[in-house]
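This report describes strands, rings and charges in one protein model. Please look at the sequence and the structure before reading on.

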Amino acid sequence: MHWPLTGLGAGRGGGAGGVIAAVAVVAVVAVAVGIGQVTGNRARAAVLPAAARAGAGHQTATYYVTRGIGNCSYPSRPADGLFVALPPSEYARAAGCGGYLEVSGPDGSVLVKVVDQCPGCAAGHIDLSATAFARLAPLSAGRIDVTYAYLPDPPLPGPLSVEVSQGSSRYWLALLADNTGNPLAAVQVRTSSGWLSLTRASYNYWIASSGAGPGPFTVRLTDTQGHKVTLQGITLSPGVVQATGIWMYDRAERALVRRTSLAAR
């Protein structure tokens with residue numbers, strides 16, 4: 001179980017949250033596949049479910065130390081070490097996964113990726129990585145008052161990737177998309193009958209319980225800000241992280257993201 005730390009040096013060695021046992025933790029290999037962006041338009045913005053919205057009420061932060069990958073199932077933690085676990089009401093069965101919170105505290109602010117759930121945290125209480133917490137206050141503070149909210153269209157860490165879960169086949173399919181910037185609102189796979197909408201599991205994979213055939217798959221992602229991207233050539237390769245080379249935001253937005261990132265260096 002994932003419980004927040006309230007003091008210096010109380011590391012949790014075993015990992016935070018953890019992935020539900022149905023999803024095996026495997027070594028992942030990035031492969032290049034024939035993937036193209038068919039659409040990159042921005043539709044009417046969707047919103048997070050009320051339970052997943054950040055920003056209401058008194059807000060506090062603690063920190064945690066983990067070697068695990070977190071309930072959102074991403075194959076690796078952010079390279080910069082800046083991430084966060086949400087209370088159950090805001091995690092909202094993975095509705096917040098992949099989004100970024102802008103968190104302000106006593107000594108500054110930090111941008112953190114949502115990768116985990118904190119079962120022991122009440123509403124308004126987030127559990128930061130130790131690296132992120134240290135940007136806001138000394139670790140010895142243990143627990144601090146903060147303000148936080150989702151940052152729409154944050155700087156992207158890289159192009160989209162898609163992982164097909166271990167155990168997937170033509171009869172059962174589970175997909176995990178990463179580097180989306182905003183949380184996802186929908187994932188669909190094109191079949192001979194049209195677009196099949198997948199169901200998000202609490203561990204953040206999107207599932208077609210009756211499968212979608214042998215692949216390769218055409219997958220459409222829609223995020224909570226209304227960005228839509230269609231990816232082609234996703235193969236039925238369980239446990240493999242498939243690099244796409246495609247960005248979630250369109251070219252104009254990516255250019256702004258890159259300028260902003262360069263200016264911050």
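Which residue in β16 does Arg220 stand opposite? Arg220 stands opposite Thr230 in β16.

## Basis of the report

The model is predicted: local features need pLDDT of at least 70, side-chain atom pairs count only at pLDDT 80 or more, and totals for chains, interfaces and linings use all residues. Residues are numbered from 1 along each chain as its sequence is written, and side-chain values use heavy atoms, with hydrogens and water left out.

Strands, like helices, are DSSP runs numbered from the N terminus (strands are E, at least two residues; helices are H or I, at least four). Two strands pair if DSSP finds at least two bridges between them. Strands of a sheet pair through backbone hydrogen bonds, either parallel or antiparallel.

Strand β15 (residues 217–223) is joined to β16 by five bridges, and the two run antiparallel.

## The seven-stranded sheet

Another open sheet has seven strands, in the order β7-β2-β6-β3-β5-β4-β8, with mixed pairing. At the edges are β7 (144–145) and β8 (147–150), each pairing on one side only. Four bridges connect strand β4 (residues 100–105) with β8 in the antiparallel sense, and Leu101 stands opposite Tyr150 in β8.

## Aromatic pairs

The structure holds three aromatic pairs. Rings of Phe, Tyr and Trp (its six-membered ring) pair if their centres lie within 6.5 Å; planes under 30 degrees apart count as stacked, over 60 as edge-to-face and the rest as tilted. One of the pairs is Tyr63 and Phe133, which is tilted, with 5.3 Å centre to centre and 50° between the planes. This pair links distant parts of the chain: Tyr63 in strand β2 (residues 60–64) and Phe133 in helix α2 (residues 130–136) are 70 residues apart.

Buried means under 20% relative accessible area, exposed over 50%, and partly exposed in between (1.4 Å probe, protein chains only). Tyr63 is buried at 2%, and Phe133 is buried at 0%.

## Charges over rings

A charge sits over a ring if NZ of Lys or CZ of Arg is within 6 Å of the ring centre and within 35 degrees of the ring normal. The charged end of Arg220 sits over the ring of Trp195, 4.1 Å from its centre. The charged end of Lys113 sits over the ring of Tyr74, 4.2 Å from its centre.
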